[in-house]
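Hi,

Here is the model I promised to pass on. Have a look at it first, and then read my notes below.

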Amino acid sequence: MAQAALGGIRPPAPRPPILWDRIVRISHWGIVIVILANEIFTKGGSPVHVWFGWGGLALLVLRMAWGVIGNPEARFSAFPPNPLAALAHIKQLFAGKPRSYASHNPAAAMMAYALWACIAVMVATGLTMSGPDPFAVAERQATIDSGDWSQLVKTADAGEGGAEEASAWVKDVHEITANLILLLVALHIGGVIVESVMVRHNLVPAMLVGRRKDKSGK
């Protein structure tokens with residue numbers, strides 16, 4: 001009888017990390033900086049813009065590797081993409097009965113995969129337009145600034161036109177993806193706010209350097 005009673009006891013629901021590990025936090029906020037810098041503060045095609053693009057690629061590769069070999073809650077296996085589970089989580093959230101997860105909840109997981117995919121497309125199309133060498137981009141920009149366009153004509157004739165040879169559709173994809181990333185970021189911020197209010201614990205400190213606290217102070 002006692003065994004049956006014990007067998008009927010449900011284990012406590014998993015809780016989100018009180019603090020994500022350093023690799024997750026560094027890659028997360030590093031990518032935030034790259035997106036803000038290249039969307040707001042740098043000029044498209046400029047050397048600085050390209051360098052930030054390379055930085056975004058490095059951070060993305062780091063996060064992908066950590067998703068395979070990192071801490072349990074940071075691994076892809078802890079939050080596989082599942083659109084149906086994401087919809088179910090959103091319904092549970094607004095019904096006031098959301099489940100807790102030891103890693104990203106299903107909706108957050110879908111957002112993470114969507115953002116990573118968009119960043120990969122952004123980097124690929126950006127490198128296609130500008131070329132992979134930031135130093136070459138800097139030289140080309142210096143030539144433009146000097147007003148000596150003859151060298152650019154020679155470079156283009158030699159088949160090294162970089163951004164000048166990029167297909168129009170690549171530029172369109174790059175711009176559309178940039179706008180899509182901004183939309184996803186806005187949805188992500190909104191989702192964090194809603195989740196924090198509905199689940200009654202602040203999710204933001206877990207991605208910073210502090211510890212997440214719920215409304216009871218725990």
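A few ground rules before the findings. This is a predicted model, so to speak of a local feature I needed pLDDT of at least 70, and side-chain atom pairs count only at pLDDT 80 or more, while totals for chains, interfaces and linings use all residues. Residues are numbered from 1 along each chain as its sequence is written, and side-chain values use heavy atoms, with hydrogens and water left out.

The overall picture: the chain has eight helices and zero strands, where helices (H or I, at least four residues) and strands (E, at least two) are DSSP runs numbered from the N terminus. Buried residues come to 32% of the 218 in the chain; buried means under 20% relative accessible area, exposed over 50%, and partly exposed in between, with a 1.4 Å probe and protein chains only. Among contacts (heavy atoms within 4.5 Å) with a separation of 6 or more, 68% join residues 24 or more positions apart.

Now the aromatics. Rings of Phe, Tyr and Trp (its six-membered ring) pair if their centres lie within 6.5 Å; planes under 30 degrees apart are stacked, over 60 edge-to-face, and the rest tilted. That rule gives six aromatic pairs. One of them is F76 with F79, edge-to-face at 6.3 Å centre to centre and 70° between the planes. F76 is partly exposed at 22% relative accessible area, whereas F79 is buried at 2%. Y113 and W116 also pair edge-to-face, at 5.4 Å and 90° between the planes. These two sit three residues apart in helix α5 (residues 106-130), so about one helical turn separates them. Y113 is partly exposed at 21%, and W116 counts as buried at 13%. F76, F79, Y113 and W116 form one aromatic cluster.

W116 turns up again where α5 meets α3. Helix α3 (residues 47-69) packs against α5 at about 140°, with the axes 10 Å apart; axes are lines fitted to C-alpha atoms, for helices over the stretch in contact, and angles run from 0 to 180 degrees between N-to-C directions. The crossing of α3 past α5 is left-handed, as the near helix is turned anticlockwise from the far one by less than a right angle (clockwise would be right-handed). From α3 come V50, G53, W54, L57, L60, R63 and M64, and they meet W116, I119, A120, V123, L127 and S130 of α5. The residues of this contact split into ten nonpolar, two polar and one charged, with Ala, Val, Leu, Ile, Met, Phe, Trp, Tyr, Cys and Pro taken as nonpolar, Asp, Glu, Lys and Arg as charged, and the others, Gly among them, as polar.

- L184 lies in helix α8 (residues 168-199) and is buried at 11% relative accessibility. Leaving aside residues up to four places away in sequence, L184 touches M111, A114, L115 and C118. L184 and L115 are 69 residues apart in sequence, yet 7.0 Å apart in space, C-alpha to C-alpha.
- S103 is in the loop between α4 (83-94) and α5 and counts as buried at 8%. The S103 side chain reaches the backbone oxygen of E73 at 2.5 Å.

Cheers

Definitions and conventions. Polar contact = N/O pair within 3.5 Å; in protein donor to acceptor, adjacent residues only side chain to side chain.
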